[in-house]
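Work through the following exercises with the sequence and the structure at hand. Each task is followed by a solution in steps.

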Amino acid sequence: MNASAVAAVSPCWSCKGPVATRALFCSVCGAVQGPGAIDHYSRLGMTPSFDIDQDQLQTQYFGFQRRLHPDRFAAKSAREKALSQSQATALNEAYETLKDPLKRAAYLLGLLGHPVDLTACGTINDRELLMEQMEKREALSEATTPEQVAKLAMENESEVIACQCHISAAFNSGNLDEASHLSIRLKYLVKLAEEARSKKSRITRLP
Amino acid sequence: MLLQLHEPGESPAPHESERGLAVGIDLGTTNSVVAVARDGDTEVLRDADGKGLIPSVVYYAADGEITVGQDARRMLLEYPDRVVSSVKRLMGRGTEDLKTLAGTLPFKLDVAADGGMVRLSVAGRTLTPVEVSADILRAVKARAEAAQGKTVDRAVVTVPAYFDDAARTATKDAARLAGLEVLRLVNEPTAAALAYGLDNAAEGLYVVYDLGGGTFDVSILRMEKGVFQVKATGGDASLGGDDIDHAIAERFLAERTAEHGAETITEGEAKQALAAARVAKECLSSRREGDWVIEVDGKPSRHKMTRDQLEALAAPLAERTVGICRNVIEDAGIEVSEIKGVVLVGGSTRMPLIRRKVKDIFGLDPLADINPDEVVAVGAALQAEALTIGSDTLLLDVTPLSLGIETMGGIVEKVIPRNTPIPVAMAQEFTTYQDGQTAMAIHVLQGEREMVDQCRSLARFVLRGIPNMAAGAARIRVTFTVDADGLLTVAASEATTGVEQQVAVKPSYGLTDDEMANMLRDSLVHAKDDMEQRLFAETAVEARRSVLAVQAALKVDSDLLSDAERKDIDSAIGRVDQTIASNDRDAVTAAMEALEAATKTFAERRMDRGIRAALAGVSVDKLDDALGE
C-alpha cells in the first residue's frame with residue numbers, strides 16, 4: 001500500500017473514522033485532534049522563510065489559539081481538554097520560536113538540514129568575532145553612567161539589525177554556512193544587549 | 001426516535017441548562033467579591049444593604065458556628081482569638097516561610113505543626129489556610145445563590161498573577177472544599193483587563209497596576225480584537241495595603257510608649273490598633289488630616305496624623321512597586337511611550353500617593369472610570385460565561401516566575417523562564433554523576449535567583465529505575481508542563497533506554513491527597529454523593545460525546561452497514577442514552593464499551609474507505625480542504 005496515502009489519514013480518536021493527519025478537527029464528528037508532528041511554520045500556516053511578517057505571524061497565532069485554546073474546551077470531555085492543551089502548547093512553542101529572530105534562524109537552519117547549536121556555550125572559534133565581543137564587553141564594563149551604557153546599547157542594536165539583514169540575505173541566497181555563522185554572531189550580540197539592559201537598570205536604580 | 005445532529009465543530013456545551021450557575025469570584029486578602037455575567041452584561045452580587053464587598057474575615061464561634069464577612073469583622077475586637085483575617089497571605093505557605101513574615105501577621109500559628117503547610121490556631125481548632133479560605137468561599141457561594149435563586153457550583157476564581165504554584169493549588173483546593181468546581185484560575189490583573197477592555201473596546205498596550213490588601217501585581221497586556229495577550233507580569237505576593245496599616249499602627253503604638261511608657265499589648269489590642277490604622281489610612285485618601293483613638297489596657301489615647309505623614313510612611317512601599325513596574329516594562333521589551341493606558345485595581349490604589357507614583361512611572365493619568373474593588377470579579381464573571389456559554393474573547397497569559405531544577409552545587413537550572421506564554425511544556429536533559437546510579441532526586445523550584453536557597457521549593461521527588469550505566473551516560477529528560485491555570489506538573493524519563501516514569505509531584509507546602517480527601521469528607525455532609533455526582537457528570541459528558549460522534553459517522557457512512565448492523569448500533573446508542581438517564585456511572589461505562597464494540601467493524605470499514613480514497617489521490621486534497629482552515 002502507498003505509504004504516503006496511509007500516512008495522510010489516521011483514525012479519529014472520537015468517531016474512529018479517517019481524518020487527515022494534519023487536521024485540527026475531525027470533519028465528521030467535529031472532535032479536536034492532537035497537535036501532530038508538523039513543523040512550526042506549517043503549524044501557524046506560514047511559509048518557511050527567515051523573513052516573516054510579525055503582524056501576520058501574530059494574526060495567525062491568535063486565529064489558531066481562538067479555535068484551540070483550552071478555554072474553548074472547558075465544557076468538553078477530559079480527552080478533548082487534554083488535546084486542546086497540547087494543541088495550545090504546540091502553538092505557543094511555534095509562536096515563541098518564530099517570533100524571535102535568533103530562535104527562528106536556528107530553527108530554520110535545522111529544518112533545512114543544517115543544524116546549529118546555539119545553546120552550547122563553547123568557545124568562539126571565530127577570531128574576529130572573539131576580538132569584537134571582548135572589546136565590546138570591556139567597553140560595557142567600563143561604562144559608568146546610564147548615558148554611556150545607552151550609547152553602547154544603541155550601537156549594539158544597530159549591529160543586531162544589520163546582522164539580521166545579513167542572515168536574511170544568506171538564507172535567500174541559499175548560503176546556509178553563512179547563515180549559521182551569522183546566527184552565532186547574532187547570539188552574542190543579543191546577549192550583549194541583555195547585559196547592557198541589566199547594567200543600565202542597575203546603575204539607574206542606584207540612589 | 002429523533003436523532004440530534006449538529007454541525008461538525010459546533011457542538012454546543014452539553015446540556016448547559018442542567019448545570020448550576022457559573023460565577024466569577026475575586027477572593028481577596030481584605031475583601032471578596034462575586035459577580036455573574038449574562039450575554040456580556042455583568043452584575044456584582046450584593047447584600048441587602050447594596051454592599052458588593054464581603055470582608056474576607058471568618059469568625060469561629062464557641063458552638064462551632066462559622067460567620068463570614070461584615071458580621072465576622074465586628075467580632076474582631078471582642079473575640080480576637082476567634083477571628084481570622086488576611087488568610088490569603090498564608091496560602092501555599094510553609095512553616096519555613098513564616099520566619100520572614102512572623103510579627104506582621106494577625107494570626108496565632110500552630111507551631112507544633114512540623115514542616116509542610118502552615119496551620120492556624122483559632123478558637124481551639126487547628127485550621128489550614130485552605131480551610132479558612134473554603135469557609136469564605138462557602139459564604140460567597142451562599143450570597144450568589146441567594147441573589148440568583150439558583151445553585152452555584154462552578155466558578156472562575158482569581159489569584160494574584162504573582163502567586164506561585166503552591167498558592168494556586170491551595171486556592172483551587174479551597175474552592176473544591178467549598179463545593180465549587182474551578183473552571184479556571186485567572187490572574188487578577190488579566191481579569192481586570194478583560195473587564196476594562198471589553199467595556200471600552202480598548203486596543204493597544206495597557207498596564208494593570210493592582211495593589212490590594214496583601215498582594216501587588218503589575219501586568220502589561222496587548223489588547224486586540226478580543227484577544228488579551230499578557231506580555232509580562234511581575235509583583236510581590238506579600239506587599240499591600242496591610243503593610244501600610246502595620247506601619248501606621250506601629251507609629252500610634254510608639255507614640256503611646258513615648259507618652260505612657262512601655263505596655264504589654266494583647267493580641268486583641270493589636271488587632272484593634274490595626275483596625276484604627278486602616279480607618280486612618282482610608283480617611284486620609286480624601287482628607288488632609290484627622291485623629292484616631294486606640295486603646296491599650298482600658299486606657300484610650302488619641303493620635304493625630306496628616307496625609308503627608310501617611311505618605312512618608314507609605315513611601316517605601318510605593319517605591320517598591322515603582323521598581324517592580326520598571327522591571328516589568330523591561331521584561332515586556334516595550335517603551336513607556338507605547339503604553340496607551342493604566343488601569344488601577346485594588347483598594348490601595350485609592351491613595352493619592354499611589355496615583356501620583358503611577359503617573360510618574362507611566363507618564364499617564366490612570367484610568368479612573370472603573371471601580372477598583374469590583375473590576376476583578378467582573379472580569380472573572382465574564383470569563384466564567386466565556387467558558388460555559390462560549391465567547392470570542394481569548395486570554396493568553398504567562399508564567400509569573402521561572403521554574404527550574406536543582407543541579408550540582410545548589411544551583412538552579414531554569415527549565416521554563418518567567419513570562420513564558422501558557423500552556424507550555426518544556427524539557428531539559430540531565431545526567432547521572434556516579435557510575436551505576438539508579439535513582440535521582442529531583443528538586444523543583446520557582447523563582448528568579450541562581451541559588452536553591454534563594455528560590456522557593458515547590459516539590460521534591462525521586463526518579464527510580466534508571467538503568468545501570470556509567471556516570472554521564474544516562475539521559476534523564478525532565479518535562480515541566482504548565483496548564484492554562486498556571487499549575488505545574490513534572491514528569492521524568494530516561495531517554496537512552498526509554499524507561500519512562502511519570503512522577504506525581506507532592507507539593508512541599510500543599511495538602512496531600514489523603515488530607516484533601518479527609519477534609520472533603522469532614523466538611524461536606526454529602527461529600528461522597530457530591531464526588532460521585534461530579535464523576536458521573538464527567539462520565540455523562542464523555543458518553544454524550546461518543547454518541548454524537550457515532551451519530552455523525554452514521555450520517556456520512558451509513559451505506560457501509562447492513563440493516564442488521566445498523567440496528568445493533570442504534571440499539572447500543574439507545575442503551576447509552578438510557579443509562580445516562582439512570583444516574584448509574586458503571587452502567588454508563590458498560591453501555592459505552594458495548595457501543596464501542598458494536599461500532600468496531602463500522603470504524604474499520606470507514607478507515608478502509610478513507611485510506612482507499614487517499615490512495616486514489618484526488619480525495620486527499622479534498623480531505624485536506626474539508627479539514628484545513
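**Exercise 1.** Determine which residue takes a positive phi in the hairpin of S15(B) and S16(B).

Solution. Begin with the strands: S15 (residues 289-296) and S16 (residues 299-306) of chain B run antiparallel and are joined by eight bridges. Strands are DSSP runs of E with at least two residues, and helices are runs of H or I with at least four, both numbered from the N terminus. Two strands pair if DSSP finds at least two bridges between them. Next, consider the turn, where two residues stand between the strands and Asp297(B) has a positive phi near 55°. Finally, locate a facing pair: Trp292(B) is opposite His303(B) in S16(B).

This is a predicted model, in which local features need pLDDT of at least 70, side-chain atom pairs count only at pLDDT 80 or more, and totals for chains, interfaces and linings use all residues. Residues are numbered from 1 along each chain as its sequence is written, while chains are lettered from A and ligands numbered from 1 in the order in which they are written.

**Exercise 2.** State whether Ala162(A) is buried or exposed.

Solution. First find the residue: Ala162(A) belongs to helix H7 (residues 146-172) of chain A. Then apply the cut-offs: a residue is buried if 20 or more other C-beta atoms, placed from the backbone, lie within 10 Å of its own, exposed if 12 or fewer, and partly exposed in between. Ala162(A) is exposed because it has 11 C-beta neighbours inside 10 Å.

**Exercise 3.** Identify the residues with the most contacts inside the largest nonpolar core.

Solution. A nonpolar core is a set of buried Ala, Val, Leu, Ile, Met, Phe, Trp, Tyr and Cys residues joined through C-beta atoms within 7 Å. The largest one has 196 residues, and Val23(B) and Ala35(B) have the most contacts inside it. Its largest share, 10 residues, comes from helix H10 (residues 375-388) of chain B. Leaving aside residues up to four places away in sequence, the residues that Val23(B) touches include Val34(B), Ala144(B), Ala381(B) and Ala384(B); contact requires C-beta atoms, placed from the backbone, within 7 Å.

How values were computed. Two residues are in contact if their C-beta atoms, placed from the backbone, lie within 7 Å.
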